[in-house]
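Here is a short briefing for a first look. Please keep the sequence and the 3D view open as you read.

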Amino acid sequence: MKLGVLALQGAFIEHCNILKTVDVEPVEIRKRDHFSDNLDGLIIPGGESTTISKLLGDLELLSPITDAVLCGMPVFGTCAGLILLAKKVEGIGAGTIPVLDVLVRRNGYGRQLGSFSKSAHFEGIGEVPMVFIRAPYILEAHGSAEILAKVDGRIVAVKQNSVLATAFHPELTENTEIHKFFIQMI
């Protein structure tokens with residue numbers, strides 16, 4: 001199995017390292033010719049959603065990635081990846097690749113000083129560690145978006161068809177269960 005990892009910004013190396021530990025070949029996507037139809041799925045890591053959106057356009061990656069996701073390519077977005085995949089983002093309209101039936105609040109927990117770690121229940125897995133860094137959260141999930149995790153009453157993980165998204169960074173822990181969950185979706 002080969003999974004693309006968008007390697008423009010954020011914790012992409014950590015995602016690649018986790019994929020290697022679960023015997024999946026990561027392919028770092030840095031420019032247009034790195035992205036191909038031979039990938040089994042794609043991970044969009046955290047970082048800064050506005051910067052990632054701009055880079056996707058500048059590097060001519062936005063159209064092929066959007067087309068692939070709309071055609072069913074499995075995709076896993078963490079933190080900023082969640083924002084990019086949301087059909088509605090509070091205050092700015094839609095994400096760059098709007099496929100998830102959710103309304104997201106950017107920086108929902110505040111700025112850098114509002115960052116924290118917590119363990120919480122993740123549907124289908126159980127208790128997992130969660131790292132929140134300038135994290136968004138989901139205000140509403142509707143349509144076929146299935147809520148997988150909440151922290152303090154706020155939605156922090158959803159699944160919809162072949163799309164998985166978390167407001168937190170599972171790649172910043174040693175726990176591989178959420179990545180395995182995504183691989184099982186494929």
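Buried means under 20% relative accessible area, exposed means over 50%, and partly exposed lies in between (1.4 Å probe, protein chains only). This is a predicted model: local features need pLDDT of at least 70, side-chain atom pairs count only at pLDDT 80 or more, and totals for chains, interfaces and linings use all residues. Residues are numbered from 1 along each chain as its sequence is written, and side-chain values use heavy atoms, with hydrogens and water left out. Helices (H or I, at least four residues) and strands (E, at least two) are DSSP runs, numbered from the N terminus.

**Helix 3 and its surroundings**

- Helix 3 spans residues 62–70, and its buried residues are Pro64, Ile65, Thr66, Ala68 and Val69.
- These buried residues pack against strand 1 (2–6), strand 3 (41–44), helix 2 (49–58) and strand 4 (75–78). Contact here means heavy atoms within 4.5 Å.
- Gly72 follows helix 3 and has a positive phi, near 105°.
- Glu60 is found in the loop between helix 2 and helix 3. Its phi is near 55°, a positive value in a residue other than glycine.
- Glu60 is exposed because its relative accessible area is 59%.

**Cysteines**

- How many disulfides does a search of the whole structure find? The search finds zero. A disulfide is a pair of cysteine sulfur atoms within 2.5 Å.
- For Cys16, the nearest cysteine sulfur is that of Cys79, 17 Å away.
- Cys16 has 4% relative accessibility, so Cys16 counts as buried.
- Cys71 has 72% relative accessibility, so Cys71 counts as exposed.

**A hairpin and the loop after it**

- Strand 7 (residues 116–122) and strand 8 (residues 126–132) run antiparallel and are joined by seven bridges. Two strands pair if DSSP finds at least two bridges between them.
- Ser117 stands opposite Val131 in strand 8.
- Three residues sit between the strands of this hairpin, and Gly124 takes a positive phi near 90°.
- Arg134 lies in the loop between strand 8 and strand 9 (137–141). Its phi is near 45°, again positive in a residue other than glycine.
- Most residues other than glycine have a negative phi.
- Arg134 counts as partly exposed because its relative accessibility is 33%.

**Ile147 in strand 10**

- Ile147 lies in strand 10 (residues 146–151).
- Ile147 is partly exposed because its relative accessible area is 35%.
- Leaving out residues up to four places away in sequence, Ile147 touches Ala141, Ile155, Ala157 and Val158.
- Ile147 and Lys159 are 12 residues apart in sequence, and their C-alpha atoms are 6.7 Å apart.

**Salt bridges**

- A salt bridge is a side-chain nitrogen of Lys or Arg within 4 Å of a carboxyl oxygen of Asp or Glu. By this rule the count comes to seven.
- One of them joins the side chains of Arg30 and Glu28 (2.5 Å, N to O). Arg30 is partly exposed because its relative accessibility is 38%. Glu28 is partly exposed because its relative accessible area is 30%.
- Another joins the side chains of Arg106 and Glu48 (3.3 Å, N to O). Arg106 lies in the loop between strand 6 (100–105) and strand 7, and Glu48 in the loop between strand 3 and helix 2, so the pair ties together parts that are 58 residues apart in sequence.
- Glu177 also forms a salt bridge, with Lys180; the closest N and O atoms are 3.4 Å apart. Both residues lie in helix 5, three residues apart, about one turn of the helix.
- An α-helix has 3.6 residues a turn, so residues three or four places apart point the same way.

**Glu171, without a salt bridge**

- Glu171 is found in the loop between strand 12 (163–166) and helix 5 (177–185).
- Is Glu171 buried or exposed? Glu171 is buried, yet has no salt bridge.
- The nearest side chain of opposite charge is that of Arg134, 13 Å away. Lys and Arg count as positive and Asp and Glu as negative, while His and the chain ends are not counted.
- The side chain of Glu171 makes a polar contact with the side chain of His169 (2.7 Å). A polar contact is a pair of N or O atoms within 3.5 Å; within protein, one must be able to donate a hydrogen and the other to accept it, and residues adjacent in sequence count only if both atoms are side-chain atoms.
- Leaving aside neighbours within four places in sequence, Glu171 is in contact with Ala11, Glu14, His15, Ile18, Thr78 and His179.
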